[in-house]
Amino acid sequence: MQRIEHRACFGGWQDVYRHESEVLGCAMNFAVYLPPQAQTGARLPVLYWLSGLTCNEQNFITKAGAQRHAAEHGLILVAPDTSPRGDDVADAEGYDLGKGAGFYVNATQAPWAAHYRMYDYVAEELPALIEANFPATDARGISGHSMGGHGALVIALRNPGRYRSVSAFSPIAAPSQAPWGDKAFSAYLGDDREAWKRYDATELVAMTQEKLPLLIDQGDADEFLDSQLKPHLLQAAAQAAGHPLTLRLQPGYDHSYYFIASFIGEHIAHHAAALKR
């Protein structure tokens, strides 16, 4: 690993590292916030954050204001990029497919399958790297926004026992029934819609045996609420399956980081309570 950024922040350090990912076959950046408690030699729980379309590791660490809350609760924050990067990595026109739009799936279709394995990267390779190189325990939470909220829900639901907490802001809650998901899944996974279900939180809540509580905040003024996000479909599926879900519609809030910054403290407190039990 190579540390490429190192900044003092709320008594701790906001760093960015670059490493060669074996899973993705390219160099990847990820951000790590080490709170002041890490300087005492204590090993700390980790909250993983997955960002949305067009983002990289910078958006969360510069816009969400999460470090202050992580310092208060003694949590390490880890924020990876949203897709593989590099000159030999496949890309597409538009913002919703290719670089910056990995959708946290393991692609099976050419040309994407060569690099687009963000599911394995987030669920397997990155936690192993963090726990081997930083003062981190194996107590993990996961959260994210929009495409990243979709990723957080899917990865938590598909890996019982691996995460103690999960939350999301404005997630793509039923990607198989949304234009963003339809475009990405068709390209990355092919035409077999049964394969899509493994990356759709609305489908997964009916299958999982672990009833990990889901916390979702959604702005009611979000321009993508009805067309792309559709949290009511996840809510109905969770109710039918008896899966605990707290869905909070926040009046007046849109899809931006102003929304995330307004409620990130509550989400970090939610994760801290679970991670420290």
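Let's start inside the fold, at strand β4 (residues 44-50): seven of its seven residues are buried, so β4 is largely enclosed by the rest of the structure. Buried here means under 20% relative accessible area, with a 1.4 Å probe and protein chains only. Strands (E, at least two residues) and helices (H or I, at least four) are DSSP runs, numbered from the N terminus. Keep in mind that this is a predicted model, in which local features need pLDDT of at least 70 and side-chain atom pairs count only at pLDDT 80 or more, while totals for chains, interfaces and linings use all residues. Residues are numbered from 1 along each chain as its sequence is written, and side-chain values use heavy atoms, leaving out hydrogens and water.

Now look at the neighbours of β4. Strand β6 (residues 136-144) runs parallel to β4 and is joined to it by six bridges; tryptophan 49 stands opposite serine 143 in β6. Strand β5 (residues 76-80) is also parallel to β4, through three bridges, and leucine 77 in β5 is the bridge partner of leucine 47. Two strands pair if DSSP finds at least two bridges between them.

Next, turn to a helix pair. Helix α2 (residues 66-73) packs against helix α10 (residues 257-275) at an angle of about 30°, with the axes 9 Å apart. That makes α2 roughly parallel to α10, a term for angles under 35 degrees. From α2, Ala66, His69, Ala70 and His73 meet Ile264, Gly265, Ile268, Ala269 and Ala272 of α10, where contact means heavy atoms within 4.5 Å. The residues of this contact comprise six nonpolar, three polar and no charged.

Key:
Axes fitted to C-alpha atoms, helices over the stretch in contact; angles between N-to-C directions. Parallel < 35°, antiparallel > 145°, perpendicular 65-115°, else oblique. Nonpolar A, V, L, I, M, F, W, Y, C, P; charged D, E, K, R; others polar. Buried < 20%, exposed > 50% of the residue type's maximum accessible area, 1.4 Å probe, protein only.
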